[in-house]
Amino acid sequence: MAETLFEELKRYVGFSPEDEQALLALHGVAREHFSRIAEVFYARILEHEGARTALEGGESQVGHLKGTLQIWMDQLLRGPWDEAYYALRCRIGRMHVRIALPQHYMFGAMNVLRLEFQALIDEYYRHRPQEVEQVRRAVSKILDLELAIMLHTYREDLLAQQARNERLSTFGQLVGSIGHELRNPLGVIETSLFILKGRMTPGDERTTKHLDRIGEQVAIANRIVTDLLDMIRDKPLKHEPVRLAEVWQSARSAVQIPVGVSVVERGLSELPELRGDPNQLRQVFINLLENSIQAMGESGKVELTATIVAGSVELIFEDLGPGVSESIRRRLFEPLMTTKARGIGLGLPLVKRILERHGGSIAYVPRPEKGPGARFVIRLPITPPGGSSAALPAAR
């Protein structure tokens, strides 16, 4: 079998079974110090203005991030250092791209951990000089591996993001030209349709049926053009008080819900008032609800659960449809990406764009513990957009 990238990296730094045993031995000693090391780590970050701004929500998030760093250190020294470990670590590099964290902060963060572990080794192995070098080498190798994984995935995702941006730029130019050109013939069709309906012979049900079908298709075409144009233009964002429960009810009444589909919401009425654009947020709910109904067909269940997590509103939107295959999850929010027989793949990209303009986010999260279906996790800031919004350096 071909050598995986992680196997190649381990071979390159010389990471051996002896190193694994040395790290496991150190884990038994170091785990009692994880909390103290996390305190040192974030104290150092908060001393540096540039690194401090990379924390999502500032110091209010530090308590949570200290816990994630302790879990990270536990996995670092305990392993197993297999492909699942590699996949887990790759997420850190991707997170850094998402929050636009400069790469040099990774080196600084890793150096803090390196110095703390080395000091710990010098203290606990001072009476066993023959083991000191082996443990120090093992720690250096695993930290080098961590840094290599972060940098590799950072570069990989950054290049992919740049390619997406280039495609979106081309897409925007094309859409802007075609969208405006299509408005004219659609307007002519609507005007002619109105005139024909006024001159139609009363009781001509067959003609009425066909004219109604033409009107429905023109409305669909207009909706597509509107969605296309909304993807490329920055509609002015209103900043007014918003009650998500009211926005949700308005969106729900705008969507045709089959008799066999039940829609349940929890916690929306308990949410605090946000600030944003109610019309655009309504479109978020409409698109998600329509997607779920199209995925499930004539029967199924949609659940929307709202809570407050770490100073943000968290909305979990779930349905009992087929879900999204792993092969297309990373492209799920790209324009024109769709698996449906009908539709052109604009609903979710528009949702993502609206939420990001409100300082929020959306992510697809598999729900294997509940069986088939789709789950989207939405986060919106309780404070007005424009506050600090970044995330963590190397501790996730």
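**Notebook: a predicted model, looked up piece by piece**

I began with burial: of the 396 residues in the protein chain, 41% are buried. I note that the model is predicted.

Next I looked up the secondary structure, and I found twelve helices and seven strands in the protein chain. For the surface, I have an accessible area of about 21,500 Å² for the protein chain. Carbon and sulfur atoms account for 53% of that surface.

I then checked how far apart in sequence the contacting residues are. I took contacts between residues at least 6 apart in sequence, and 77% of them join residues at least 24 apart.

**Cores**

I looked for the largest nonpolar core and found that it has 44 residues. W72, F117 and I142 have the most contacts inside this core. I listed the helices that each supply at least two of its residues: α1 (5-13), α2 (17-30), α3 (34-47), α5 (62-78), α6 (83-98), α7 (104-124) and α8 (129-198). The largest share comes from α8, with eleven residues.

Leaving out residues up to four places away in sequence, I142 touches F15, L23, L76, W81 and Y85.

I also found a second, separate core, which has 40 residues. Among them are V302, L304, I362 and A374.

**Helix α3**

Which residues of α3 are buried? I noted F34, I37, A38, F41, Y42 and I45. Why do they lie on the same side of α3? They do so because they cover an arc of only 125° around the axis.

**The G79-P80 bond**

I looked at the peptide bond that joins G79 and P80, and it is cis, with omega about -5°. I placed P80 in the loop between α5 and α6.

**N287**

My last entry is on N287, which lies in helix α11 (residues 278-296). Is N287 buried or exposed? N287 has a relative accessible area of 4%, so I count this residue as buried, the cut-off being under 20%. I then looked up what N287 touches, again not counting residues up to four places away in sequence. The list is R223, G347, L350 and V351.

Conventions. Residues numbered from 1 in each chain as written. Predicted model: local features only at pLDDT ≥ 70, side-chain atom pairs only at ≥ 80, totals over all residues. Heavy atoms only, no water. Core = buried A, V, L, I, M, F, W, Y, C linked by side-chain atoms within 4.5 Å. Buried < 20%, exposed > 50% of the residue type's maximum accessible area, 1.4 Å probe, protein only. Helix = DSSP H or I, 4+ residues; strand = E, 2+ residues; numbered from the N terminus. Contact = heavy atoms within 4.5 Å. Areas by Shrake-Rupley, 256 points an atom, 1.4 Å probe, with all protein chains shown as cover. Arc of directions from axis to C-beta.
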